[in-house]
Amino acid sequence: MAQQFRRCASVFKTLSKQSKSTSWQQALVRYFDVRHGDDDPGALECTNVTSACGRSRKWDLALHVVCEARLRRLSVDTPAYNAVLAACDWTMALSLLHQAQSGLLFEPSPVTFNCALASCKRSEKWQAALSLFWQAESDQVRLTQVAHSAVMSACGSNAQWELAISILGKALCDRMQ
């Protein structure tokens, strides 16, 4: 039992280190090696590998990992999905968020909205970012400063200064509450 615990701890430590490096390939290989054994790599390891893939904008691989893990009934949590949303293009990010809000995939968190908004900003889709921002507000999602910043940046980089300033005002009001 102690030997199995040390083996699992070693695997988890390695996966965590690999997820922080730029080597998405190594993290992915290690994850699938563990998965093909007797062990469920666990939600943390799924998040680690999706984060490693996400940092390299390999969102298709990150999405494959979470989908395949769900099919095998392995552990997948919200941060793993957030890593996929952070990496993918805006249309896929909004699609995944919509599925999450419908209760089909995972429970979205404020960070989930941050990731989707960042994808919209990166793709210069200020209208989509603004729409998502106001939808989250109407759904009473407690958005973070990261979300406000992403929307302001998306609007500002597309010469929508009045909108960016109104979001800034909203952020300042939210902060005072």
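The protein chain has 10 helices and 0 strands, where helices (H or I, at least four residues) and strands (E, at least two) are DSSP runs that are numbered from the N terminus. Read along the sequence, the elements follow the pattern α-α-α-α-α-α-α-α-α-α. This is a predicted model, in which local features need pLDDT of at least 70 and side-chain atom pairs count only at pLDDT 80 or more, while totals for chains, interfaces and linings use all residues. Residues are numbered from 1 along each chain as its sequence is written, and side-chain values use heavy atoms, with hydrogens and water left out.

**The chain as a whole**

- Of the 177 residues in the protein chain, 44% are buried, a term that stands for under 20% relative accessible area, with exposed meaning over 50% and partly exposed the range in between (1.4 Å probe, protein chains only).
- Among the contacts in the protein chain with a separation of 6 or more, 62% join residues 24 or more positions apart, and contact here means heavy atoms within 4.5 Å.

**The largest nonpolar core**

- The largest nonpolar core holds 44 residues, and Tyr31 and Leu85 are the ones that touch the most other members; such a core is a set of buried Ala, Val, Leu, Ile, Met, Phe, Trp, Tyr and Cys residues joined through side-chain atoms within 4.5 Å.
- Two or more residues of this core come from each of helix H2 (24-36), H3, helix H4 (59-71), helix H5 (78-87), helix H6 (90-101), helix H7 (110-122), helix H8 (126-138) and helix H9 (145-156).
- The largest share of this core, 7 residues, is given by H8.
- As a general background, nonpolar side chains tend to be buried together in soluble globular proteins.

- The axes of H7 and H8 come within 8 Å and cross at roughly 160°, the axes being lines fitted to C-alpha atoms, for helices over the stretch in contact, with angles that run from 0 to 180 degrees between N-to-C directions.
- That angle makes H7 roughly antiparallel to H8, since angles over 145 degrees count as roughly antiparallel, those under 35 as roughly parallel, 65 to 115 as roughly perpendicular and the rest as oblique.
- The H7 and H8 crossing is left-handed, which is the term used if the near helix is turned anticlockwise from the far one by less than a right angle, whereas clockwise gives right-handed.
- On the H7 side this contact is made by Phe113, Ala116, Leu117 and Cys120, and on the H8 side by Ala128, Ala129, Leu132, Phe133 and Ala136.
- H6 and H8 pack with their axes 12 Å apart at an angle of about 15°, and these two helices are therefore roughly parallel to each other.
- The crossing of H6 and H8 is left-handed, and here Trp90, Leu94, Leu97 and Gln101 in H6 meet Ala128, Leu132 and Gln135 in H8.

**Thr50 in H3**

- Thr50 sits in helix H3 (residues 42-55) and is buried, with a relative accessible area of 0%.
- A polar atom of the Thr50 side chain lies 3.0 Å from the backbone oxygen of Thr47, and the side chain of Thr50 also reaches the backbone oxygen of Ala80 at 3.5 Å.
- Not counting residues up to four places away in sequence, Thr50 touches Ala62, Val65, Val66, Ala80, Ala83 and Val84.

**Leu63 in H4**

- Leu63, which is found in helix H4, is buried with a relative accessible area of 16%.
- Leaving aside neighbours within four places in sequence, Leu63 is in contact with Val84, Met92 and Leu96; Leu63 and Leu96 are 33 residues apart in sequence and 10.0 Å apart in space, C-alpha to C-alpha.

**Residues in the loops around H8**

- Leu143 lies in the loop between H8 and H9 and counts as buried at 10% relative accessibility.
- Not counting residues up to four places away in sequence, Leu143 touches Phe113, Phe133, Ala136, Glu137 and His148.
- From C-alpha to C-alpha, Leu143 and Ser109 are 9.2 Å apart in space, although they are 34 residues apart in sequence.
- Gln140 also lies in the loop between H8 and H9, but counts as exposed at 71% relative accessibility, and its phi is near 60°, a positive value in a residue other than glycine.
- Glu124, in the loop between H7 and H8, has a positive phi of about 60° although it is not a glycine.

Notes. Polar contact = N/O pair within 3.5 Å; in protein donor to acceptor, adjacent residues only side chain to side chain.
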